[in-house]
Amino acid sequence: MKYIDLHCDALTNEGVLQVTSENLRRGGCLLQCFAAFVDVRKIPRAGRFARAVSLCENFAAMCKRESYRVVRKFSEIEEGSLNAMLTVEEGGTIEGSLEKLEKLFSLGVRMMTLTWNFKNEIGAPNGEEGGLTPFGRECVERMKELGMLADVSHGSDRLVNDVAEIMQNTPFVASHSNAREVFFHPRNLGDGEIRRIADSGGVIGLNFFDGFLSADKSAAGQKAALIAHAEHLIKVGGENVLALGSDFDGIPQNPCLKNPAFMPRFIEALQKKFGARTAEKICRTNALRVMSALE
Ligand SMILES: [Zn+2]
């Protein structure tokens, strides 16, 4: 079964990549989201937008080189092609400017992770007090109007709830996040936040980082943890909430799921656990539903 992955860091990883066109094709990827991640620790505020724009250019060049089909909306996804969508991780990228947000949209960015690991102009990260700032509210409202997905992965609990209040029945996502009740980590979502995302019609992409999954770092332990997080997310948010957000190239190799070429084996495990119909929802249908809301 072909799958959709909502998050990877291949655009900014300078090492040996997990997400290569060969691995994506072997794994049967239908759509890979590529995040233009701007590292606020390394780039001063005035240079962040310029860095994102140059990553957008790198994305276009990569897609040309690797024959990825660039999609800006759901209806452009082609079944026989390897489709690629551009996203941004770190809302500090827009330097507190809605014009810069709009510029990113015009460059093809269709999802933005509002915060990364530090407070920015938009809001607070996980583990910190505070939600959206007044500018953050304006930003999320503008994203809603534009049809750019608001991604709350890395955000604080309050930020998730603030976004939910603005979005109401417009889907928003946590592109690469797991469940705190299964394994405690501030980056994982609490049950209340899982429900808020599900209530909007949005999705949560299952993250493959061993540090978010389980203390047991063996391949078998990781496989069991991936299934346990999936099960919990479905139990709390329903079977329409779960999708995939690997975080490939932003994380060390997971011993059970080293790169996209290992996806067919994992999909088989999902089918065995949840049945063919629910596995298909996890792998693609739920993400496609959210993307269709971008049209
Ligand atoms: Zn991330």
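The structure is a predicted model, in which local features require pLDDT of at least 70 and side-chain atom pairs are counted only at pLDDT 80 or more, while totals for chains, interfaces and linings use all residues. Residues are numbered from 1 along each chain as its sequence is written.

Most residues other than glycine have a negative phi. In H154, phi is about 80° although the residue is not a glycine, and this residue is placed in the loop between β6 (149–151) and α5 (157–167). H154 is classed as buried because 26 other C-beta atoms lie within 10 Å, the cut-offs being 20 or more other C-beta atoms within 10 Å for buried, 12 or fewer for exposed, and anything in between for partly exposed, with C-beta atoms placed from the backbone. E95, also a residue other than glycine, has a positive phi near 50° and belongs to the loop between β4 (83–89) and α3. Because 18 other C-beta atoms lie within 10 Å of its own, E95 is partly exposed.

The C-alpha trace spans about 45 × 40 × 35 Å along its principal axes, and buried residues make up 49% of the 295 residues. Of the contacts with a separation of 6 or more, 74% are between residues 24 or more positions apart, a contact being defined by C-beta atoms, placed from the backbone, that lie within 7 Å.

In soluble globular proteins, nonpolar side chains tend to be buried together. The largest nonpolar core in this model contains 86 residues, among which A36, A150, V163, I204 and L242 touch the most other members. Strand β2 (residues 29–37) supplies the largest share of this core, namely eight residues. Such a core is a set of buried Ala, Val, Leu, Ile, Met, Phe, Trp, Tyr and Cys residues joined through C-beta atoms within 7 Å. When residues up to four places away in sequence are not counted, V163 touches L132, V140, A150, V152 and F172. V163 is also listed with D157, L159, V160, D162, A164 and M167 as the buried residues of α5, and the elements covering these residues include α4, β6 and α6.

Two packed helices are described by the angle between their axes and the distance between the axes. Helices α4 and α5 have axes that come within 10 Å and cross at roughly 45°, where axes are lines fitted to C-alpha atoms, for helices over the stretch in contact, and angles run from 0 to 180 degrees between N-to-C directions. The two helices α4 and α5 are therefore oblique to each other, given that angles under 35 degrees count as roughly parallel, over 145 as roughly antiparallel, 65 to 115 as roughly perpendicular and the rest as oblique. In this pair, R137, V140, E141 and K144 of α4 meet V163, I166 and M167 of α5.

Helix α4 (residues 134–146) also packs with helix α3 (residues 98–106), the axes coming within 10 Å and crossing at roughly 30°, and α3 and α4 are therefore roughly parallel. Their contact is formed by L98, L101 and F105 of α3 together with E138, C139, R142 and L146 of α4.

Helix α6 (residues 191–199) packs with α8 at an angle of about 65°, the axes lying 9 Å apart, and α6 and α8 are therefore roughly perpendicular. D191, I194, R195, I197 and A198 of α6 make this contact with L233, V236 and G237 of α8. E231 is also located in helix α8 (residues 219–237), and this residue counts as partly exposed because it has 15 C-beta neighbours inside 10 Å. The C-alpha atom of E231 is separated by 9.8 Å from that of L270, a residue 39 positions away along the chain.

Technical notes:
Contact = placed C-beta atoms within 7 Å. Helix = DSSP H or I, 4+ residues; strand = E, 2+ residues; numbered from the N terminus.
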